Amino acid sequence: ESNLGRRKEGGKEEKGGSKGWKEEGGKEEKGVARVGNMSSVGTGYDLSASTFSPDGRVFQINYALKAVENSSTSVALRVKDGVILGAEKLVISKMISPESGRRVHMVDHGIGVAISGFVADARQLVARCQEEAFSYRDIFGSTIPVRVLAQRMANYMQVYTLYSYVRPFGASILIAGVDEENHQPQVFQVEPTGITVGCFGAAIGKGRQSAKTEMEKLDLANLTCEEAVKELAKIIHTIHDDIKDKNFILELGWVSPQSNYKYERVPRELVAQAEKAAKEALGDLSDMEEEDI
């Protein structure tokens, strides 16, 4: 009886153990399935910038990049004798001064920056750029190299992806300038991820893909700054959707021989000429398309 009881107890234990293992296994499998679903939409993994999803993503960074993608477009071109920065500033209201809420800013004598994304976040990044430039000048007595500034800003933005009590910046910046020593034009794109890349031409914002397609058609190595102003105006007007988007103001800044390699806003007369040429070129293209139809 004792043996039979032990066998019965052993059978129950074995059966129960097997059943329990299967139930636990089923729960674990269901749990894994739930984790997979959660990771695909960010539920439960997007509450902190320091949390990775099971598929290796940080959703807070993805959301920051999405904020940039939904913003107005900014473009930077590196040409033969300088750099050009341009931005599409949407006119929210006629009662707002055209000088407010600028998208293109001066950082130092030979460096400018264009922004896209949350304007409040971008304003803090511009202020940080200016602080870094001032600090470098105070210590070394010269203008900060564009590459050094881009690397420092990338480090600064990357820190905001590491801790749960902060969030990534919802803005990207284009840093463009001409180095003081060798007059070498430089353009860098810095993203909320903390990644920075050097470019011949760069675009951020909702029209970045169309802008990149247009930039690839240009011979940037042989363009002058004056010619690049017209091309950049054409790019901005080409990618702007008059039906979906509001009216906009074209902001342009450059570091060029005309400005003695100092950052300045492009003269209004030249901007007006560039916009006129861009509209005429787009009008000719529309007429040609209608004729083809």
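**Buried charges and nonpolar cores**

At 16% relative accessibility, Asp 245 counts as buried, because the term applies to residues under 20% relative accessible area. The model discussed here is a predicted one. Asp 245 is found in the loop that runs between α6 and β9. Apart from neighbours within four places in sequence, Asp 245 is in contact with Glu 88, Leu 90, Lys 206 and His 240. One of these, Leu 90, stands 155 residues away along the chain, yet its C-alpha atom and that of Asp 245 are separated by 7.8 Å.

Other charged residues can be followed through their salt bridges, of which the count comes to 13. Lys 89 forms one with Glu 251, and the closest N and O atoms of this pair are 3.3 Å apart. The two residues belong to distant parts of the chain: Lys 89 is in strand β2 (residues 82-90) and Glu 251 is in strand β9, 162 residues apart. Lys 89 counts as buried because its relative accessibility is 5%, and Glu 251 counts as buried because its value is 3%.

Glu 251 also meets the side chain of Arg 102 in a salt bridge, at 3.8 Å from N to O. Arg 102 lies in the loop between β2 and β3 (104-108), while Glu 251 lies in strand β9, so this pair ties together parts that are 149 residues apart in sequence. With 15% relative accessibility, Arg 102 is likewise counted as buried. A network of salt bridges links Lys 89, Glu 99, Arg 102, Glu 251, Arg 265 and Arg 268.

A further salt bridge joins the side chains of Asp 108 and Arg 137, at 3.4 Å from N to O. Because Asp 108 lies in strand β3 and Arg 137 in helix α3 (residues 119-140), the pair ties together parts that are 29 residues apart in sequence. Asp 108 is buried, with a relative accessible area of 7%, whereas Arg 137 is partly exposed, with 27%.

The nonpolar residues give another view of the fold. The largest nonpolar core has 26 residues, and those with the most contacts inside it are Val 75, Leu 77 and Val 229. Two or more residues of this core come from each of β1 (74-79), α5 (208-215), α6 (225-239), β9 (248-255) and α7 (268-292). The largest share, eight residues, is given by α6. Leu 77 touches residues including Val 83, Ile 84, Phe 200, Met 215 and Leu 232, when residues up to four places away in sequence are not counted. There is also a second, separate core of 24 residues, which includes Ala 122, Val 126, Ala 133 and Met 157.

Conventions. Residues are numbered from 1 along each chain as its sequence is written. This is a predicted model: local features need pLDDT of at least 70, side-chain atom pairs count only at pLDDT 80 or more; totals for chains, interfaces and linings use all residues. Side-chain values use heavy atoms; hydrogens and water are left out. A nonpolar core is a set of buried Ala, Val, Leu, Ile, Met, Phe, Trp, Tyr and Cys residues joined through side-chain atoms within 4.5 Å. Buried means under 20% relative accessible area, exposed over 50%, partly exposed in between (1.4 Å probe, protein chains only). Helices (H or I, at least four residues) and strands (E, at least two) are DSSP runs, numbered from the N terminus. Contact means heavy atoms within 4.5 Å. A salt bridge is a side-chain nitrogen of Lys or Arg within 4 Å of a carboxyl oxygen of Asp or Glu.
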